[in-house]
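Hello,

Here is the structure I promised to pass on. Please open it and follow along with the notes below.

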Amino acid sequence: MMSDKFIPAANPKAQYEAYKKEIDHAIEKVLSRGWYILGEEVGLFEKEFAGFTGSGFCIGCASGTDALILALKSVGIQPGDEVITVSHSAVATVAAIELVGGVPVFADIDPVTRCMETAQISSLISEKTKVILPVHIYGQPARMKEILSIARQNNLKVIEDCAQAHGAETEGKKVGTFGDAGTFSFYPTKNLGALGDGGAVVTNSSELAEYLKALREYGWKSRYISDFPGMNSRLDEIQAAVLRVKLSHLSKDNARRREIAEHYFSAIDGVHIIPPARIEGTLHAMHLFVVECEKRDGLQQFLKREEVGAAIHYPMAIHQQPAYAGRIRDSENLPQTERLYRRILSLPMYPELTNEQVERVCSALKKWSSSQ
Ligand SMILES: *Cc1c(COP(=O)(O)O)cnc(C)c1O
């Protein structure tokens, strides 16, 4: 048993408790209304989330992985088509590509953004390349201007994996609005988290939106008539109702995350512990605050003794995972990705951390640095 003093790395229950009254009320309304799948709440949430991201359309679905699958299908991916992405992501990114028959091709990461190294993209493009799929990892936007320009020159589609970046901005726009489609996860620990699974695709194309809506429900344009083969990936009313409550607090919650980050930045010495880069012109969603440390395992153990939970996102790059090792193209040449994995540690990061808890994390970090 962890003591009450222990600060976990993530704490979705704390957010439920913060908005308990509103959430309970929203759920009760759905229960008594008696319509449980793709109804009023989903419709309103889709409108509100499209508005939040500044996209024309939002299509709710069952998970972030499904959002990627739907988005890939909607841009016409065919078996054997190549998708340029990164190995530094949740495995979901690559799982989705393979589930639609696509072939993942890895670019290395830029050690500053920790997102796709744009200088490498051109050399990875082949006759079969169809999509560039950057991941805004930890909430830091990828370099979208460069990515879009390469995509345009080569007639490629762009799908942004925004599962960790609800509300992140670059070049004055929210992520998810740059490419043909942006995909989101509402897994409970994400910046916008349901109390179960959920996901969404956003797009500015009405044509794509129409197609996505049908695709998520058996290819139906009208009920029970399948115009083309689809799948079942629907967002349910209870999750949509919960998401609507949390969305109304998201900007404030993201601001609180950035406030916590400021405390961490000022406690980190930049020598024994290296903070994430601050990148001019981007607004970080601070899904995770990921430091780098030569003695990462030592730091993690030390923090644990100080009753601070720190997690590793993730312990291996995707091309190193047993399911993928040795069979993904270009995965021999990912030095920045592999270097990062040995050094990363995610500090506790969620809006409900109290100032006292944040200070305890900061003192623990300073104590480690001065003992080195
Ligand atoms: C969480 C996550 C996903 C998958 O989302 P699920 O809702 O768990 O399916 C995809 N990509 C990234 C980068 C993620 O962090």
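Start with Ile37, which lies in the loop between helix H2 (20-33) and helix H3 (40-53). The model is predicted, so keep that in mind as you read. Is Ile37 buried, exposed or partly exposed? Its relative accessibility is 37%, so Ile37 counts as partly exposed; that class falls between under 20% for buried and over 50% for exposed. Together with Leu31 and Tyr36, Ile37 makes a nonpolar surface patch of about 280 Å².

Now the rings. A pair of aromatic rings is described by the distance of the centres and the angle of the planes. The count comes to 11 aromatic pairs. Take Phe49 and Phe52: their ring centres are 5.9 Å apart and their planes are at 15 degrees, so the pair is stacked. Planes under 30 degrees apart count as stacked. Both residues lie in helix H3, three residues apart, or about one turn of the helix.

Phe49 has another partner, Phe184. Here the centres are 4.9 Å apart and the planes are at 90 degrees, so this pair is edge-to-face. The pair links distant parts of the chain: Phe49 is in helix H3, Phe184 is in strand E8 (residues 181-185), and 135 residues separate them. Phe49 is buried, at 0% relative accessible area. Phe184 is buried too, at 1%.

Which residues form one aromatic cluster? They are Phe45, Phe49, Phe52, Phe184 and Phe186.

Last, look at two charges. The charged end of Lys174 sits over the ring of Phe52, 4.8 Å from its centre. The charged end of Arg278 sits over the ring of Phe265, 3.8 Å from its centre.

Best wishes

Definitions and conventions:
Residues are numbered from 1 along each chain as its sequence is written. This is a predicted model: local features need pLDDT of at least 70, side-chain atom pairs count only at pLDDT 80 or more; totals for chains, interfaces and linings use all residues. Side-chain values use heavy atoms; hydrogens and water are left out. Patches are made of residues with over 30% relative accessible area and no salt bridge: like charges are joined within 9 Å, nonpolar side chains (Val, Leu, Ile, Met, Phe, Trp, Tyr) within 5 Å. Accessible areas come from the Shrake-Rupley method with a 1.4 Å probe; for residues, only the protein chains shown count as cover. A salt bridge is a side-chain nitrogen of Lys or Arg within 4 Å of a carboxyl oxygen of Asp or Glu. Helices (H or I, at least four residues) and strands (E, at least two) are DSSP runs, numbered from the N terminus. Buried means under 20% relative accessible area, exposed over 50%, partly exposed in between (1.4 Å probe, protein chains only). Rings of Phe, Tyr and Trp (its six-membered ring) pair if their centres lie within 6.5 Å; planes under 30 degrees apart count as stacked, over 60 as edge-to-face and the rest as tilted. A charge sits over a ring if NZ of Lys or CZ of Arg is within 6 Å of the ring centre and within 35 degrees of the ring normal.
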